Amino acid sequence: MRVIFLAIGCAATLLATLYAKWLSVEHDVQGKIALILVDVQRDFMDDGPVPVRGALALLPIWNELLELAGGDGPIDHAIATADWHPKDHISFVSSHKGVQLGDQIHQCAASGQAGAGGCHNIILFNSHCVAGSLGAQSPDGLATDRLDHTVRKGTLPDVESYSGLFDLGHTHPTGLVELLRARRVTTLVVAGVATDYCVLYTVLDALEEGFQVFLVLDGCAGISAEAVHAALDRMQAAGAVLVSLRGREGDHGAPSLLTELERARGKVHPGSQREL
């Protein structure tokens, strides 16, 4: 009889251990939240060679978002994307003859390349964010110490990458998808510049990869007002949730980021006791 009770006791202990592990794993696999700060670099600020009007004014908001990352904040990771171009990058007007600023060139992915995305247009800009240059660095005042990682893109002379995930032809991944999945991230909070270029393509690629995306409207700035409006419509139609950190963006009826993150946490892990 004693042996039976001992066996029952051991079984109960084993079951309790397995249940505790199951709860831990269940909580762990529910998914993390990452802030993606898109191309917050000197050359994209108001006075840069590719100016995004109003970008410098967003520094306080970007820092507020970074403060939400890590520790007891609602965001688990903070990751930046950054253009890191060679001096003769394909997007530079100076790399071509007989063209003007704002012109487009046509490029097709080489046949046989994995994930080849066919043909696309590349808009020509002033030289910007050259690897190692001051213009490729973050602007003064950005709380870069809160960043976990920076993903560099556009590093090859003949490859243009608006998105923080892939190049335009989807032949050269940046490594961001793998990084996010390794950290079990399922939800992204996106802010940065420019709304109508790199933010747009980052959001669309992230949605295509299955991530839930919250776009912080008052944490983004774009180049063309008309193009920004079209980009917002396009991102929203693709499944992005438009939110506001400070509740000042009313055009799209944007709800509070913190409220939406709390709701997302609740949907992902209903039993979680984590306070946001």
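Mentor: The discussion below concerns a predicted model, and it sets computed values against the definitions of the terms.

Trainee: What pattern does the protein chain follow along the sequence, and how many helices and strands are there?

Mentor: The protein chain has six helices and eight strands. In sequence order the pattern is α-β-α-β-β-β-β-α-β-α-β-α-β-α.

Trainee: What share of the protein chain counts as buried?

Mentor: The protein chain has 276 residues, and 47% of them count as buried. The word applies to a residue with under 20% relative accessible area.

Trainee: Why is strand β7 called largely enclosed?

Mentor: Strand β7 covers residues 212–221, and nine of its 10 residues are buried, so the rest of the structure largely encloses this strand.

Trainee: What makes β6 and β7 a pair of strands?

Mentor: Pairing requires at least two bridges, and six bridges join β6, residues 185–193, to β7. These two strands therefore count as paired, and they run parallel. Within this pairing, Val 189 has Phe 214 of β7 as its bridge partner. Between the two strands the chain passes through helix α4, residues 195–208, and this β-α-β crossover is right-handed.

Trainee: How do you know that β7 also pairs with β8?

Mentor: Three bridges join β7 to β8, residues 241–243. The cut-off is at least two bridges, so β7 and β8 also count as a pair. They run parallel, and Val 216 stands opposite Val 243 in β8.

Trainee: Which helix belongs to the β-α-β unit of β7 and β8, and what is the hand of that unit?

Mentor: The helix is α5, residues 225–238, and the unit it makes with β7 and β8 is right-handed. The term right-handed applies because, with the strands pointing away from the viewer, the path from the first strand over the helix to the second runs clockwise.

Trainee: Where is the cis peptide bond, and what is its omega?

Mentor: The cis peptide bond joins Val 193 and Ala 194, with omega at about -15 degrees. Ala 194 belongs to the loop between β6 and α4.

Trainee: Why is Asp 76 called buried?

Mentor: The relative accessibility of Asp 76 is 17%, and the cut-off is under 20%, so Asp 76 counts as buried. Asp 76 is found in the loop between α2 and β2.

Trainee: What makes the approach of Asp 76 to Ile 33 a polar contact?

Mentor: A polar atom of the Asp 76 side chain lies 2.7 Å from the backbone nitrogen of Ile 33.

Trainee: Is Arg 53 buried or exposed?

Mentor: Arg 53 has a relative accessible area of 76%; the cut-off for exposed is over 50%, so Arg 53 is exposed. Arg 53 lies in the loop between β1 and α2. The C-alpha atoms of Arg 53 and Ser 224 are 9.2 Å apart, although 171 residues separate them along the chain.

Trainee: What is known about the largest cavity, and which residues lie nearest its centre?

Mentor: The structure holds one cavity of 30 Å³ or more, and the largest cavity contains about 130 Å³ of space. Its lining consists of 16 residues, of which Phe 44, Asp 83, Phe 125, Tyr 197 and Cys 198 lie nearest the centre. By class, nine lining residues are nonpolar, three are polar and four are charged.

Trainee: Why is the space called a cavity?

Mentor: The term is used because a 1.4 Å probe fits there but cannot get out.

Notes. Residues are numbered from 1 along each chain as its sequence is written. This is a predicted model: local features need pLDDT of at least 70, side-chain atom pairs count only at pLDDT 80 or more; totals for chains, interfaces and linings use all residues. Side-chain values use heavy atoms; hydrogens and water are left out. Buried means under 20% relative accessible area, exposed over 50%, partly exposed in between (1.4 Å probe, protein chains only). Helices (H or I, at least four residues) and strands (E, at least two) are DSSP runs, numbered from the N terminus. On a 1 Å grid over the protein atoms alone, a cavity is a set of points where a 1.4 Å probe fits but cannot get out, and a pocket is an open set with protein on both sides within 12 Å along at least five of seven lines; lining residues have an atom within 4 Å of a point. Grid points are joined across faces, edges and corners, and a volume is the space filled by probe spheres set on the points. Ala, Val, Leu, Ile, Met, Phe, Trp, Tyr, Cys and Pro count as nonpolar, Asp, Glu, Lys and Arg as charged, and the others, Gly among them, as polar. A polar contact is a pair of N or O atoms within 3.5 Å; within protein, one must be able to donate a hydrogen and the other to accept it, and residues adjacent in sequence count only if both atoms are side-chain atoms.
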